[in-house]
Each structure stands twice: as C-alpha cells, then as structure tokens.
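Subject: Structure handover

Hello,

Please find the structure below. My notes on it follow.

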Amino acid sequence: MNSAKSKLSGTSTGYKVFTIVILVLLAIFFIFPLYWIITGSFKDAATINAPNPQWFPLNPTLENYAKLFKQPAFQWLLNIIIICVGALVLTCLTASLAGYALAKKRFYGRGILFTIIICAMALPKQVIVIPLLQEMSMIGLHDTLLAVILPTVGWPFGVFLMKQFAETIPTEILEAARVDGAGELRTFFSVVFPMIKPGIGALAIFTFVNTWNDYFMQLIMLNSREMWTLPEGIARLQGEMSSDFGLIMAGATLAAVPIVAVFIAFQKYFTQGISMGAVKG
Amino acid sequence: MAQNPAPAVAGGKVKKQKRSQFSGMSKALVRRETISAYMFLLPSLIFFVGFVVIPMIMCLVYSFLDMGLDVGSAKFIGLSNYVEMFNDPVFRKGLLNTVIIVVVAVPSVTAFSLWVSSAIYQMKAVTRSFFRCVFYLPVVTGTVAVTVVWKWMFNTYNGLINQVFGSTHNWLGDPSTALACIIMILFTTSIGQPIVLYVAALGNVDQSLVEAAQVDGATKLQVFWKIKWPQIMPTTLYILVITTINSFQCFALIQLLTRGGPNHATDTIMYYIFDMAYNVHRFGYANAMGVILAIIIAIFSAIQFKVAKTDNG
C-alpha cells in the first residue's frame, strides 16, 4: 500500500530534495533582513561605513541605542502601544457585538448592511485618509492619538471576521438562553462571548499588527515630534539623518523585536485569524 | 474517515432556503429583533459611518472643488480636477508605474505563495509552522523596519549588495533598477498572508477525492489541476483581490526609498496623492485622484471575480 501510494503520487526524491534546498535558501533570504537590522543596531559607525561587510558585530556597541534615546523614542514606543491597544480593545468590542447581530439576528436592512460592509472592505483604505485628515482637523483631533485610533476601529474587516465566527454558534443555545429568561446583553456576554473567544483573540492580534504597520495613517495624522509613533519616528529620523544607519537600525530593532516576539508566541491564533477571515471572501 | 457521509450533511452546510429570513416569525418578534439588532450594531456603525462613510463622501465631494488648506475659500470647479489629471504627465507616469507594480507583483505573489504552500502543507506540523512563520516574518517585522534595512542594503557606498557583488551601482537612484528593487521588497512583504491562506485551503481539500483520483491513475499534476485547484479557487480569488488592493496602494516603500524619484521613475498614484495633499496642499486634486484610484481598484476586483466565476464553470 505504502509503496503503491508513493508511486502513484509520482514525486521523485530528486524533486523533493530540490524543493527543500530552495525552501531553505528562501527562508534564509526572508530571515536575513531581520538579522541585519538587529546586528546592525550593535555596530559602530566605523564598522557600518567600512568597505567590507561585517557579518556579525565583533565589537558590539550600545552607542546607537544611546543616540536613539536622546530622541523621545520611549514616548514614540508608548504612543504606538497606546494606539494599538486602544484600537484593539474598541475594535474587538464593537466588532463582536455587530458581528453577532449580523450572524444571528433577523432584521430589516441586514442584507444591504452586509453588502455595504463587503464593498467598503474592497476600497483602498489609504484613499480616505486624506479626507480623514480634514475631518480630524475640523473636529480638533488632528495630531492626537485618537485621530489614528478612531478610523482604525471604523474599518469593517473586524465586523466581517466576527460575523464568520458568530455564525458557528448553534441557534438552539441562544434559544435556550432566551427560554431561561436571559436578556439580550446577558445572552451576549455569558453565552456568545465565550463561544467566539478564539475569534476575538485572532482579531485582537490582527488589529494590533495591522495598526502597528499602518504607517501612512500615522504619518498623515501625527505631526509634532512627541506625538510620533515608533515606526513613524524611525521613518522621519531616516529622512533627517539618512546616512546614520546604526541609529536607524536601533530604532528598527526596538520596533520589530517586541512584535516579532508577540507573533511567535501567538502564532497559532494568528494563522487561525488570517484563514478565518477568508472563508467566504 | 470519509466513509460516512452523514456528518458532512448534518455539519451545518445545509443550503439556506431562499424564503424570507423572517419566515415563521410574528410581526412583533421581527420588530423586537430589529430593534435589538441595531442596538448591537450601533457602536460599530457610529465608527463606520463617522470614519469610513463620511470621509468617502467628503472624498467624492472635494474632488469637484479647488481647495487648499483653507476649506472656506474652496471653489466649485466641476470636473476640472479630473480633466487636469489626465493631462498631467506626472499622474500618467504614476498610473503607469502603479499598473506595472500590480501586473508584476500580483501574479508572482500568487504563484509563488501557491508553490511554497503546496511544498509545505503536507510536511510535519513543526516544519510547516516554521516555514509559515519565516515567510510571515517581514509582515510582523513591520513595513518601516523592513524598508529601512533594505534601503541600507541597497546603499551605494556601505550597502551589503554592492559590497558582496563588488559593484558600485546606485540601485535606488537609477531609473532602470529603482522600480524593480521596490517590487522585490513589496514581494517579500506581501507573500506572508497568501501562504497562510493557501496552507489552510490545501489542508481542507477533500482527501477522499484526491485518493479516488490517485487510484484511478491520475498523475500528480492532474490531481492538482482537476481536484485541488477548483477547491482552492475561492482562496485564490481572495488572495488576488487583497494583493491587488495592497499593490495599488503601494506608498510606504516609495516614500521611504525614493520619494518618487529619480525623475518620477518610481512615482505611484498613492505617492502622488500624498504629495499633492501633504506637500502641495491641493486637497481637491488629491481627492479626485483618490476617487479614480478607488474606481480602478473596483474595476480590477470586478474583473477578477468575473474571471474566477467563469473559470469555475
């Protein structure tokens, strides 16, 4: 049976070895930028400007970090964390409420509402950032962290994702809760919420990373130096002193390492969240 | 495992009846359900309307105005912004570059991620997770961090690439290589999500069909095209659409690496919109370009849906 199977599947050992070799080479290529960021942040200016590359920092130095923290880098880190956590909490709360209603309630306007959400998701997010800038100036929120948080919460992807998860809740359980006399909110928090927890976890991680990476929005909305986020700060520093790569790599390390650590720790939820979002794309 | 078809039928995949969603509900119940549904939707709708729908409408309205920083002195100028756009050589160059990026990046990202996923989805769980992680790494490292390290590696004087190859080429400053470098970096930051999606989709392919085909003597290639490919079609479509949208919006790479230069060789529509709004303060013109970009993306998505539908028979 076993030999018949491998014969039928028609994969030669040569091809398998070839595939593995290519995959490993690609893996090195994909890991390398992160490696170069981290090692680069520990190299002194002489090493960085030397004509030959130093594959590993032989005389590691902290001078880049010292320079980085002469900038309000800690404030930038704090800003991006506030933005990401704020967006995450608000998105998970509003999206799980709305996704549950869209999946499990029968009401007027349900079809059209869902269509609007799908259409909005297909639009380029960045295009509305320019009018958003004007809207935020009008309501006096420009150059505040809220100007980045609020539009992130409004983006309908979370609602779509939570609807997908909420659809798996058996209607009988909701009926049973109703028969037992539980009100709407009670049903949501003690029955629905625990059942869609994996979905909320996925949405939380997804929102966090996407918000962290939404450089365009941060660049447009946050102007004064102490309001910048860490990615924005690195980008703007790079514009101001484009040749000081050691300093820039120190900033990039500070921005990349925490989120890579979070990703590796929660990898399972992460991949789950990404694949759930596309079930009925 | 697939001997008993009963669970598959009972597993909730029963087709929804085409009757009204309200069948079997009294009028009072429908009203009560509608009210409670909108209470659940309200918080989300406030954000959605306030920060997605309203800016969309503003974008459209402002595209007919000649407007600078001072909103009060804006003038209605009809379609002038749109007319100007199509006579603007920088816009046309930006459109061309954007289309080049999309036409190169979207098929290569899709094909490459499908190849990687097919190679890794049957591996041991640990190996599979490892590769999936690795290819997702540029996404979580962050756009800005990845871009600045590539900028250093491409640097003429102390960049790794010139040092390794012993060359003195100005990769990002030469119009003939700048766009290619940008597409390459875009590629590395774009394939993470498609690979995760494809690995999940390939894992869900009905194994009984695959085995049946193999017993009937189908080759590996036939199994792929006749059985797996149709089943992962929805995933492919989703990947095409999201990759297209992302590639059309290519901005951070341009702004950080070349600022549209040299001589507009790497201008994209998104970068030109930013430049017009943020540096030149011509908000009416920037919004008009935004409207056109949205329309172009909508057309591309619609075509992809159409093609995928007919492909599926």
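Two residues are in contact if their C-beta atoms, placed from the backbone, lie within 7 Å. Helices are DSSP runs of H or I with at least four residues, strands are runs of E with at least two, and both are numbered from the N terminus. This is a predicted model, in which local features need pLDDT of at least 70 and side-chain atom pairs count only at pLDDT 80 or more, while totals for chains, interfaces and linings use all residues. Residues are numbered from 1 along each chain as its sequence is written, and chains are lettered from A and ligands numbered from 1 in the order in which they are written.

**Where the chains meet**

The contact between the chains takes 75 residues from chain A and 81 residues from chain B. On the chain B side, helix α2 (residues 27-62) gives the largest share, 20 residues. That side divides into 58 nonpolar, 20 polar and three charged residues. Here Ala, Val, Leu, Ile, Met, Phe, Trp, Tyr, Cys and Pro count as nonpolar, Asp, Glu, Lys and Arg as charged, and the others, Gly among them, as polar.

**α5(A) against α2(B)**

Helix α5 of chain A covers residues 73-104. The axes of α5(A) and α2(B) come within 8 Å and cross at roughly 135°. That makes the pair oblique. Axes are lines fitted to C-alpha atoms, for helices over the stretch in contact, and angles run from 0 to 180 degrees between N-to-C directions. Angles under 35 degrees count as roughly parallel, over 145 as roughly antiparallel, 65 to 115 as roughly perpendicular and the rest as oblique. The crossing is left-handed: the near helix is turned anticlockwise from the far one by less than a right angle, whereas clockwise would be right-handed.

From α5(A) come A:T94, A:A95, A:L97, A:A98, A:Y100 and A:A101. They meet B:A37, B:F40, B:L41, B:P43, B:S44 and B:F47 of α2(B). By class, this contact has 10 nonpolar, two polar and no charged residues.

Helix α7 of chain A spans residues 129-138. Seven of its 10 residues are buried, so α7(A) is largely enclosed by the rest of the structure. Buried means 20 or more other C-beta atoms within 10 Å of a residue's own, exposed means 12 or fewer, and partly exposed lies in between, with C-beta atoms placed from the backbone. The buried residues are A:V129, A:I130, A:P131, A:L132, A:L133, A:E135 and A:M136. After α7(A) comes A:G140, with a positive phi near 75°.

α7(A) also packs on α2(B), at about 105° with the axes 8 Å apart. That makes the two helices roughly perpendicular. A:P131, A:L132, A:Q134 and A:E135 make the contact with B:F51, B:I54, B:P55, B:M58, B:C59 and B:Y62. The classes are eight nonpolar, one polar and one charged.

**Domains**

The bounds come from an automatic or database domain assignment. Chain A has domain 1 (2-40) and domain 2 (66-280). Their centres, taken over C-alpha atoms, are 34 Å apart. Their contact takes four residues from domain 1 and seven residues from domain 2. Chain B has domain 1 (5-62) and domain 2 (88-311). There, 33 Å separate the centres, again taken over C-alpha atoms.

**One residue in chain B**

B:T310 sits in helix α15 (residues 283-311) of chain B. Is B:T310 buried or exposed? B:T310 is exposed, because 8 other C-beta atoms lie within 10 Å.

Best wishes
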